[in-house]
Amino acid sequence: MTTPSTDPNSSSFFDPGDDLTTRVQSVRDGKTTTSLRLESMLTAAESTNPSLHAFHEVLTDFARATAASVDARLAAGEDPGPLAGSVIAVKDNICTTEGRTTCGSRMLENYRSPFDATVITRLLDAGATLIGKTNMDEFAMGSSTETCAWGPVRNPHGINRVPGGSSGGSAVAVAAGIADAALGSDTGGSIRQPAAFCGCVGFKPTYGRISRFGLVAFGSSLDQIGPLTRSVRDAAAIYEVLAGVDSNDATTSDLPVEPSMADGPFDPASLRVGIPREHYTTRNHPGVTERLERIIDSLRAVGATIIDIDLPLTDYGISTYYVIAPAEASSNLSRYDGIRYGYRADPRPGEGLEELYARTRSEGFGPEVQRRIMLGTYVLSAGYYGAYYKRALQVRRLIKQEFDAAFTKCDVLLGPTSPHPAFQIGAKLEPISMYLNDVYTVNANIAGIPAISIPGGMVEENGEALPIGLQLQAPAFHETSLLRIASTIESLVRSA
Amino acid sequence: MTSSDSNSAPTLADVAKVAALSRLALDPDALDSARGDLLAILQHVANLQTLDVEGVEPMPKPQDTVNRLAEDVPGPSLDRDVLLAMAPKTEGHFIAVPKVLGEGGA
């Protein structure tokens with residue numbers, strides 16, 4: 001059992017010989033069982049949840065039954081699937097028939113989904129055991145998991161610091177060894193930034209690669225499900241199980257999903273790494289800058305070609321995002337009206353339907369969700385649509401074109417996932433300062449390209465050693481090369 | 001939205017209209033606070049107005065692909081009783097809601 005480290009001198013890196021891939025193999029080899037592994041994780045969940053608060057609900061009985069079934073099938077010589085033996089946590093905005101799906105919101109406090117998300121069906125069909133539902137920013141709106149209606153999640157690397165968000169609980173479950181891996185969702189960086197803050201790998205595939213059927217919708221042209229893991233090869237293994245066309249999600253691509261790691265890591269000597277100038281600015285924490293410089297030097301040392309890239313629209317990404325995402329959210333969240341499911345305000349005498357809608361929504365949604373619904377409603381309203389929403393969609397095309405031009409010169413773009421390591425709980429209460437956390441991550445969602453955050457080492461802040469993340473971005477549907485390159489850089493970073 | 005154009009800051013009346021369109025019930029303090037937040041965010045996103053987007057086709061999705069269409073054939077669906085059980089209030093086979101029409105109809 002890996003326990004969260006609070007030793008400032010400890011490495012942020014997981015033991016490369018101890019990831020989901022090796023753990024699954026040890027179950028297959030009969031060295032341990034899924035049930036034994038699960039029990040130690042259930043114990044870890046119980047002992048850490050009062051302090052870290054990674055889970056909203058631990059699915060103890062369901063997980064035990066699944067693990068026993070997986071072990072029985074293995075014992076009978078059957079193959080329960082590539083993830084047999086693994087224990088995986090699930091963000092609480094992904095619908096499961098087991099337990100509740102609350103989205104970190106009072107609006108869905110008692111919501112039980114009548115169906116499983118496609119990704120849940122695929123994980124179970126691949127032999128995974130699902131341990132529980134992880135806490136998140138309410139409706140995935142936040143970068144710190146502080147907007148969760150059930151209270152904030154804490155970072156195992158610094159207990160008074162945020163784990164990032166919105167998939168904060170998923171990142172903590174992996175970082176604290178309570179799950180081998182976790183599912184998150186990423187609308188503007190919500191997998192990658194918490195992965196960076198907690199020292200995990202976080203992977204957002206191309207828009208359309210993974211079905212969103214059963215993912216509670218936030219920004220439908222931006223949302224993507226992906227894994228948080230201990231290693232790049234773990235991310236590849238889960239991605240391959242999840243990816244591919246789904247008849248229940250018309251936005252899924254029917255492009256074939258290839259085994260990403262079949263050819264092993266990428267040869268660094270043939271690698272062209274783009275360094276976006278706009279990602280290396282004075283807004284970055286000095287420790288982040290220093291780590292990146294060392295990693296770029298080690299890439300040069302192994303023969304990689306380093307190419308300066310200009311992405312002048314980087315700073316327009318947040319603006320574009322905070323028009324498009326709230327616009328889509330205001331539409332998606334209009335379904336929560338207290339009628340068919342979810343929270344309903346207590347009736348008042350003489351109150352009509354309209355009043356019930358409004359009171360239900362004001363009582364059920366937290367402040368950040370209400371803020372974004374109003375912003376989205378504003379930018380979509382007559383008189384403002386052209387100036388804000390339409391213009392943001394035009395800038396989105398410019399951002400996409402900027403990436404297209406960059407990828408004619410390089411295979412991947414490398415930069416920090418976040419300008420800084422995990423910040424203190426309560427340090428960024430102003431909306432804009434919170435939104436700026438995602439300055440390096442939102443553009444991958446705007447352009448729909450795949451991006452991954454891998455651990456970049458530790459930096460020091462106020463006597464605490466905190467993990468940082470390196471973000472790699474690649475052209476749409478180039479997951480295979482992105483994962484292979486990430487695996488190469490993952491090894492290099494450990495010695496940089 | 002009629003009381004101001006896209007170049008002027010939203011007034012309290014604008015924000016009240018937005019809250020109504022958003023189906024949110026905000027008291028005067030919450031409206032005032034919402035106006036402050038909206039102003040700060042609109043000020044931040046104002047840099048979009050500095051870019052030349054003349055002739056650029058808006059991009060509602062990140063890829064210029066069209067959604068796949070499924071054959072129009074019946075398939076399994078969720079049971080009515082399961083769905084009704086999710087409603088906060090039911091009466092028989094119906095979801096109960098407050099009166100929709102006013103006295104004498106609307």
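Mentor: An axis here is a line fitted to C-alpha atoms, for helices over the stretch in contact, and angles run from 0 to 180 degrees between N-to-C directions. The model is predicted.

Trainee: At roughly what angle do the axes of H11(A) and H12(A) cross?
Mentor: The residues that meet are Tyr378(A), Val379(A) and Leu380(A) in H11(A) and Tyr385(A), Tyr388(A) and Tyr389(A) in H12(A). The two axes come within 7 Å, and the crossing angle is roughly 105 degrees.

Trainee: Are H11(A) and H12(A) roughly parallel or roughly perpendicular to each other?
Mentor: The axes cross at roughly 105 degrees. Angles of 65 to 115 degrees fall in one class. The pair H11(A) and H12(A) is therefore roughly perpendicular.

Trainee: What does H11(A) reach from its first C-alpha to its last?
Mentor: H11(A) covers residues 367-380, which is 14 residues. At 1.5 Å a residue, the expected value is 20 Å, and the model comes close to that. From first C-alpha to last, H11(A) reaches 20 Å.

Trainee: What are the elements of chain B, in order from the N terminus?
Mentor: Chain B has three helices and two strands. Of its 106 residues, 26% count as buried. From the N terminus on, the order is α-α-α-β-β.

Trainee: Which strands are at the edges of the sheet in chain A?
Mentor: The sheet is open and has eleven strands, in the order S1-S3-S2-S4-S6-S5-S10-S11-S9-S7-S8, with mixed pairing. An edge strand pairs on one side only, and that holds for S1(A) (55-58) and S8(A) (305-309).

Trainee: Which residue of S10(A) stands opposite Lys204(A)?
Mentor: S5(A), residues 201-204, and S10(A), residues 451-461, are joined by three bridges. The two strands run antiparallel. Opposite Lys204(A) stands Ala451(A).

Trainee: At about what angle does H4(A) run to S3(A)?
Mentor: H4(A), residues 118-125, lies across S2, S3, S4 and S6 of chain A. Its direction relative to S3(A) is about 150 degrees.

Trainee: Is Asp92(A) buried or exposed?
Mentor: Asp92(A) is in the loop between S2 and H4 of chain A. Its relative accessibility is 1%. Buried means under 20%. Asp92(A) therefore counts as buried.

Trainee: With which side chains does the side chain of Asp92(A) make polar contacts?
Mentor: Leaving out residues up to four places away in sequence, Asp92(A) touches several residues, including His56(A), Arg100(A), Cys103(A) and Met136(A). One polar contact, at 2.5 Å, is with the side chain of Thr102(A). Another, at 3.4 Å, is with the side chain of Lys133(A).

Trainee: Which residue with a positive phi follows H7(A)?
Mentor: H7(A), residues 232-242, is mostly covered, with eight of its eleven residues buried. Val232(A), Ile238(A) and Leu242(A) are among them. The phi in question is near 120 degrees, and the residue is Gly244(A).

Methods
Residues are numbered from 1 along each chain as its sequence is written. Chains are lettered from A and ligands numbered from 1 in the order in which they are written. This is a predicted model: local features need pLDDT of at least 70, side-chain atom pairs count only at pLDDT 80 or more; totals for chains, interfaces and linings use all residues. Side-chain values use heavy atoms; hydrogens and water are left out. Helices (H or I, at least four residues) and strands (E, at least two) are DSSP runs, numbered from the N terminus. The expected span of a helix is 1.5 Å times one less than its number of residues. Two strands pair if DSSP finds at least two bridges between them. Contact means heavy atoms within 4.5 Å. Buried means under 20% relative accessible area, exposed over 50%, partly exposed in between (1.4 Å probe, protein chains only). A polar contact is a pair of N or O atoms within 3.5 Å; within protein, one must be able to donate a hydrogen and the other to accept it, and residues adjacent in sequence count only if both atoms are side-chain atoms. Angles under 35 degrees count as roughly parallel, over 145 as roughly antiparallel, 65 to 115 as roughly perpendicular and the rest as oblique.
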